Amino acid sequence: MHRRSRRTLQVAAATALLVTAATACNAAAKNDASVGASGGSGTSFTLVTPDAVGQNEFLKLAVTGVRAAAKQHDGSQKVYESTDTASQQQNVQAAVEAKPDVIVLVGFEFADLVAQQAKAHPKQQFLMIDACTTKTYKNVSCAVFREHEGVYLAGAEAGLLSRSGKVGAVDVLDTPQFRRYSDPFAAGAKKVAATSQTSTRFVGGQSPFDDSARAKEQANSLLSKGYDQIMAAAAAGNYGVFEAAKAKGAFAYGVDVNQCPSAPGTVVDNVIKRTDVAVEKGIDQVLGGKAGRTVSYGLKEGGISLTGLEAGVDASKCVIAGHKDVLKKVEALRDRIVAGKLKVDDPAAK
């Protein structure tokens with residue numbers, strides 16, 4: 001799993017320390033400038049990441065999205081990779097000074113910076129992925145995700161595969177937003193197996209997003225009571241959940257990217273957040289004159305999916321690849337959600 005889970009940390013912005021104003025100095029900013037197809041339009045896009053891309057699949061998808069947009073619009077793109085708060089500030093400033101058509105930023109870390117820059121540079125268009133500014137700005141567009149829809153489908157898989165009839169989840173915090181990764185999991189399991197027993201444990205503590213030991217402890221508390229299918233929504237603590245499940249011969253579910261390779265034979269499937277889709281469609285939205293809006297991406301828009309429902313599942317190292325019968329039933333549920341015939345309750349909307 002990448003250093004921190006973007007999908008869970010987006011809501012931590014309310015409790016995170018406020019980011020200071022961007023510095024004008026950008027000499028220390030680490031960036032990877034990659035020029036896409038250059039053509040008559042001269043359209044340009046700049047992506048700023050909160051961390052180094054490296055092997056971070058979540059951020060790699062965002063890079064894929066901005067490159068696809070550059071190709072589609074016969075333009076160019078640059079990628080600025082940040083490594084810490086200082087470089088985030090410097091990279092945003094550098095991007096603003098370059099004046100591209102759209103500056104794309106991934107993660108809650110940029111919320112305060114974007115708000116400052118959007119107000120100071122009203123003609124510059126910003127696109128935030130997996131987060132948004134507190135206030136609305138005409139030049140700030142946002143792409144958020146309906147994670148609960150994918151979690152519901154993962155829960156359905158768990159309900160169909162559980163031998164004990166007990167399906168649980170290890171979540172970071174007990175808040176409506178984070179319960180998007182546990183309540184729908186239970187609902188999905190009960191949809192396909194009405195007698196399923198469900199329970200959720202929360203990591204909590206001083207570092208709920210990075211505490212693998214506490215996450216493992218919470219997973220073991222479920223496993224000791226016979227739960228054999230566990231949704232791992234503990235950010236970096238997912239590794240602890242996977243270790244606990246593997247030791248007991250139980251199964252777990254990952255988030256954001258394909259986490260099956262980290263625990264082959266243990267991770268059944270993953271709720272995938274397609275940042276590439278959000279970036280590409282978000283840029284189209286801005287260039288199409290629909291800036292300043294927040295767009296939600298779920299199963300219907302292709303912004304949320306499961307590894308099991310994506311091409312290449314057979315090579316994914318996910319347990320679900322060996323259960324085609326289960327996937328067929330999950331596909332049917334997905335199609336009902338997409339068609340509006342089945343509504344998944346969103347804990348954050350209550």
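## The second largest pocket

On a 1 Å grid over the protein atoms alone, a pocket is an open set of points where a 1.4 Å probe fits, with protein on both sides within 12 Å along at least five of seven lines. In this predicted model, the second largest pocket holds about 310 Å³ of space. Fifteen residues line it (an atom within 4 Å of a point), and Glu 57, Leu 61, Asn 258, Ile 272 and Glu 310 lie nearest its centre. Helix H2 (residues 57-72) gives the most to this lining, with three residues. By type, the lining splits into six nonpolar, four polar and five charged residues.

## The sheet and its helices

Let's turn to the sheet. Six strands (DSSP runs of E, at least two residues) form an open, mixed sheet in the order E7-E6-E8-E9-E10-E12, where pairing takes at least two DSSP bridges. Strands E7 (197-202) and E12 (304-306) each have a single partner strand, so one side of each is left without a neighbour in the sheet.

E6 (residues 166-171) runs parallel to E7, joined by six bridges, and Ala 169 stands opposite Thr 200 in E7. Helix H7 (residues 212-223) lies across E6, E7 and E8, at about 165° to E6 (angles run from 0 to 180 degrees between N-to-C directions).

## Confidence and conventions

The chain averages a pLDDT (the predictor's confidence, from 0 to 100) of 89, and 88% of the residues score at least 70. Over residues 1-40, pLDDT stays under 50. Where pLDDT is low, the predicted coordinates should not be read in detail.

Residues are numbered from 1 along each chain as its sequence is written, and side-chain values use heavy atoms, leaving out hydrogens and water. Local features need pLDDT of at least 70 and side-chain atom pairs 80 or more, while totals for chains, interfaces and linings use all residues.

How values were computed
Helix = DSSP H or I, 4+ residues; strand = E, 2+ residues; numbered from the N terminus. Contact = heavy atoms within 4.5 Å. Points joined across faces, edges and corners; volume = space filled by probe spheres on them. Nonpolar A, V, L, I, M, F, W, Y, C, P; charged D, E, K, R; others polar.
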